Each structure stands twice: as C-alpha cells, then as structure tokens.
Amino acid sequence: MRERSAAAGLSATAILAALVLLLGACSSGSQSPGNGATVTMSGLAFTVADITVPVGDVTFVNKDGVEHLIAEGDNGIEAASPRIQKVGIPGNAQAVVTFSAAGDYHITCLIHHTMKIVVHVQ
Ligand SMILES: [Cu+2]
C-alpha cells in the first residue's frame, strides 16, 4: 500500500512539473521582442523622411543631447485626435511608440517644430 501511494504521489508531481514547464514555455513565447523597427533622431531632425513599418512597436532613438517630445501632428502641433501616445524622450535615450492600426502617421516634435517624419504603418 505504501509503495502504491508513493508512486501515485510521484506521478502527480511529474504531471505538475510538466504543467509548470508548459506554462513557462507559453509565457516566454508570448513576450514580444519587438519587430525591430527603429526611427532615429539626430541633429534636431529625423534621419529619414519616411519609414514603412508593420503594425506594432517602433523604437524612437534620440541621439541628440536634448529632449524630443514626439507626437502625431505637423509643424510642432499635435493632431486633434492623435492615434499615438505622445512621448518625451530625454537626450541620448530612446522610447517605444505603439502604432496599433495601419495608416500613415505624420510625426512631429512638439519642441522642435521643424522635425517631421511620416510613418507608414501596414
Ligand atoms: Cu525635438
């Protein structure tokens, strides 16, 4: 009798361990590493006039020594109904902006009004 219950306990432990492994595999698989899309700012300007990216996260890299305040809009003025969250990026730092729907996004800096880039999200 003792051997049987020990064996039952062992198999229950094995099943539990297998479940934990499966759950661990699922959660690590759902972590998004990002699609790698990057926009760079240098010399108070975006380094390209436009970029095409898939729906998702885009990393904005600020290589200037001053903060940029990135928003959807034109000429330093935020759009009336922006589709992205504006984000302040300190000098020599970076931030992730999420583009959750396809479309063309005019991006500007609310501090440096001449900065502009069009992000084509598809
Ligand atoms: Cu700026």
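Strands here are DSSP runs (E, at least two residues), numbered from the N terminus.

The model is predicted, and local features need pLDDT of at least 70, side-chain atom pairs count only at pLDDT 80 or more, while totals for chains, interfaces and linings use all residues. Residues are numbered from 1 along each chain as its sequence is written.

The bridge between G56 and F99 belongs to the pairing of strand 3 (residues 56–62) with strand 7, which is antiparallel over 6 bridges. Two strands pair if DSSP finds at least two bridges between them. Strand 3 also runs parallel to strand 1, joined by 4 bridges; there, T38 has T59 as its partner in strand 3.

Together they form an open sheet of 3 strands, in the order 1-3-7, with mixed pairing. Strand 1 (38–41) and strand 7 (94–99) each have a single partner strand, so one side of each lacks a neighbour in the sheet.

Next, the side chains. In a regular strand they alternate between the two faces of the sheet.

Finally, which residues does F60 touch? Not counting residues up to four places away in sequence, F60 touches V39, M41, I70, I89, Q94, A95 and V97. Contact requires C-beta atoms, placed from the backbone, within 7 Å.

Technical notes
Contact = placed C-beta atoms within 7 Å.
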